[in-house]
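Subject: A structure for you to explore

Hi there,

Here is the structure I promised to pass on to you. Have a look at it first, and then read on for what turned up in it.

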Amino acid sequence: MRLRSDIFVSALMRRVFARGDFAAVEAKGAEEAGAVFVRQMFRDGRESLHAPAPQSFFEADETGLRLFETRLAGVEAQVVAEAIARERRFDGDLWVVSVETDALGDLIDFAAAEPKDDGFFRR
C-alpha cells in the first residue's frame, strides 16, 4: 500500500527542515493519491524539477515506493514554472513542493537510470 500524498509531503518537509534547509508547499493536490513534484531551488537562482518516475521503473513488489526522476536540471526558474503549469493543466490534483537545498539525495528516492524490462514494454 502506498503512503498518502499528504503524509508523504508532510514527512518530506519535516526532513528538509531537520536538515536546516527550507521547504514550502507551492501547490496542494489530492490528499490521498496526488502526484508529488519536487521543485529544487539552488543558491545561484537555477532550479531543477523532479517528477514521479514512470511505472516501468518499479518492480512488482515495490508498489508502495515513491520514486522520482529528474525532468529538468539546473535551468532558469521560468522554465520550471512553465513545466509545472503544463503538468497542472494535465493533472490538477498534483502537489508541488519547493525545496531550497543543494542536494536531495537523502530526501527522496530516485529511479534507476534504466527502467526495468517488464516483458511488455521493451527499451
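To start: in which helix is the place of Glu-87? Glu-87 sits in helix α2, which covers residues 77-90.

Before going further, a word on where this comes from. The model is predicted, so local features need pLDDT of at least 70 and side-chain atom pairs count only at pLDDT 80 or more, while totals for chains, interfaces and linings use all residues. Residues are numbered from 1 along each chain as its sequence is written, and side-chain values use heavy atoms, with hydrogens and water left out.

**The overall picture**

The chain has two helices and six strands; helices (H or I, at least four residues) and strands (E, at least two) are DSSP runs, numbered from the N terminus. Along the sequence they follow the pattern α-β-β-β-β-α-β-β. Of the 123 residues in the chain, 36% are buried. Here buried means under 20% relative accessible area, exposed means over 50%, and partly exposed is in between (1.4 Å probe, protein chains only). The accessible surface of the chain is about 7,400 Å², and 52% of it belongs to carbon and sulfur atoms; such areas come from the Shrake-Rupley method with a 1.4 Å probe, and for residues only the protein chains shown count as cover.

Contacts (heavy atoms within 4.5 Å) also say something about the fold. Among those between residues at least 6 apart in sequence, 72% join residues at least 24 apart.

**The sheet**

The six strands form an open sheet with mixed pairing, in the order β1-β5-β2-β3-β4-β6. Its edge strands are β1 and β6, each of which pairs on one side only. Two strands pair if DSSP finds at least two bridges between them.

Have a look at β5 (95-100). Five of its six residues are buried, so β5 is largely enclosed by the rest of the structure. Strand β1 (residues 22-27) runs antiparallel to β5 and is joined to it by five bridges; Ala-24 has Ser-98 in β5 as its bridge partner. Strand β2 (residues 36-41) runs parallel to β5, with six bridges between them. Phe-37 stands opposite Val-96 in β5, and Gln-40 stands opposite Val-99 in β5.

**Thr-101, just along the chain**

Thr-101 lies in the loop between β5 and β6 (109-110). Is this residue buried or exposed? Thr-101 is buried, because its relative accessible area is 5%. Its side chain makes a polar contact of 2.6 Å with the side chain of Arg-19 and one of 2.9 Å with that of Asp-21. A polar contact is a pair of N or O atoms within 3.5 Å; within protein, one must be able to donate a hydrogen and the other to accept it, and residues adjacent in sequence count only if both atoms are side-chain atoms. Leaving aside residues up to four places away in sequence, Thr-101 touches Arg-19, Asp-21, Gln-40, Met-41 and Phe-42.

**Aromatic rings**

Rings of Phe, Tyr and Trp (its six-membered ring) pair if their centres lie within 6.5 Å; planes under 30 degrees apart count as stacked, over 60 as edge-to-face and the rest as tilted. By this rule there are two aromatic pairs. Phe-8 and Phe-68 have ring centres 6.0 Å apart and planes at 25°, so this pair is stacked. Phe-8 belongs to helix α1 (residues 5-18) and Phe-68 to strand β4 (residues 67-75), so the pair ties together parts that are 60 residues apart in sequence. Phe-8 counts as buried at 15% relative accessibility, and Phe-68 is buried at 2%.

The other pair is Phe-17 and Phe-22, with centres 5.9 Å apart and planes at 75°, so it is edge-to-face. Phe-17 is partly exposed at 43% relative accessibility, and Phe-22 is partly exposed at 42%.

Phe-8 also has Arg-66 over its face, at 5.1 Å from the ring centre. A charge sits over a ring if NZ of Lys or CZ of Arg is within 6 Å of the ring centre and within 35 degrees of the ring normal.

**Back to Glu-87**

Glu-87 is partly exposed, with a relative accessible area of 22%. Not counting residues up to four places away in sequence, Glu-87 touches Phe-37, Arg-71 and Leu-94.

Enjoy exploring!

Best wishes
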